[in-house]
Amino acid sequence: AIDAAKYVAWKRGLRLVSIPTILSVDAFVTPAVGIRRNHEVIYVGQSSPNPLIIDFALLRTAPPELNIAGIGDLLSIHTATFDWEHAH
């Protein structure tokens, strides 16, 4: 859903307001607009939330396994700078 909202905001030049309800992916904090083509995710543009609203009470109501599922994505964002420096 967040990628669909980012796509519309990017294509129409609209402001993106993001209120994530689960933490299963990092789409709500990354600007890349992902779409599926031929069963593959490709990135076609960028749209960053303005504002990004984090409602912790709302996030706590999500099933724990959906919030835990996003740990890998969030860790990849956290370690990305180190990964690029290490690769260089």
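Modeller: Let us begin with accessibility, where buried means under 20% relative accessible area, exposed means over 50%, and partly exposed covers what lies in between. Please keep in mind throughout that this is a predicted model.

Colleague: Why is Ile54 called partly exposed?

Modeller: The relative accessible area of Ile54 is 33%, and this value falls between 20% and 50%, so Ile54 counts as partly exposed. Ile54 lies in the loop between strand E4 (49–52) and helix H2 (56–60), and, once residues up to four places away in sequence are set aside, Ile54 touches Pro20, Phe28 and Leu59. The C-alpha atoms of Ile54 and Thr21 are 8.6 Å from each other, although the two residues are 33 apart along the chain.

Colleague: What makes Leu16 a buried residue?

Modeller: Leu16 has a relative accessible area of 5%, which is under 20%, and therefore Leu16 is buried. This residue lies in strand E1, and its contacts, not counting residues up to four places away in sequence, are Ala5, Lys6, Ala9, Ser47, Ser48, Pro49, Asn50 and Pro51. Of these, Ser48 is 32 residues from Leu16 along the chain, with a C-alpha separation of 6.7 Å.

Colleague: What makes the pairing of Asp3 and Lys6 a salt bridge?

Modeller: The side chains of Asp3 and Lys6 meet at 3.5 Å, N to O, and since the cut-off is a Lys or Arg side-chain nitrogen within 4 Å of a carboxyl oxygen of Asp or Glu, the pair qualifies. The structure holds one salt bridge. Both residues lie in helix H1 (residues 2–12), three residues apart, which is about one turn of the helix. In general, an α-helix has 3.6 residues a turn, so residues three or four places apart point the same way.

Colleague: Which accessibility labels do the two partners receive?

Modeller: Asp3, at 27% relative accessibility, counts as partly exposed, whereas Lys6 has a relative accessible area of 1% and therefore counts as buried.

Colleague: Where is the kink in helix H4 centred, and how does the helix span compare with the expected value?

Modeller: The kink, of about 50 degrees, is centred on Thr79. Helix H4 (residues 71–87) has 17 residues and reaches 23 Å from its first C-alpha to its last, close to the 24 Å expected.

Colleague: What is the overall pattern of the protein chain?

Modeller: Along the sequence the chain follows α-β-β-β-β-α-α-α, which comes to four helices and four strands. Buried residues make up 19% of its 88 residues.

Note on methods. Residues numbered from 1 in each chain as written. Predicted model: local features only at pLDDT ≥ 70, side-chain atom pairs only at ≥ 80, totals over all residues. Heavy atoms only, no water. Helix = DSSP H or I, 4+ residues; strand = E, 2+ residues; numbered from the N terminus. Expected span 1.5 Å × (residues − 1). Bend = angle between axes of the 7 residues up to and from the residue. Buried < 20%, exposed > 50% of the residue type's maximum accessible area, 1.4 Å probe, protein only. Contact = heavy atoms within 4.5 Å.
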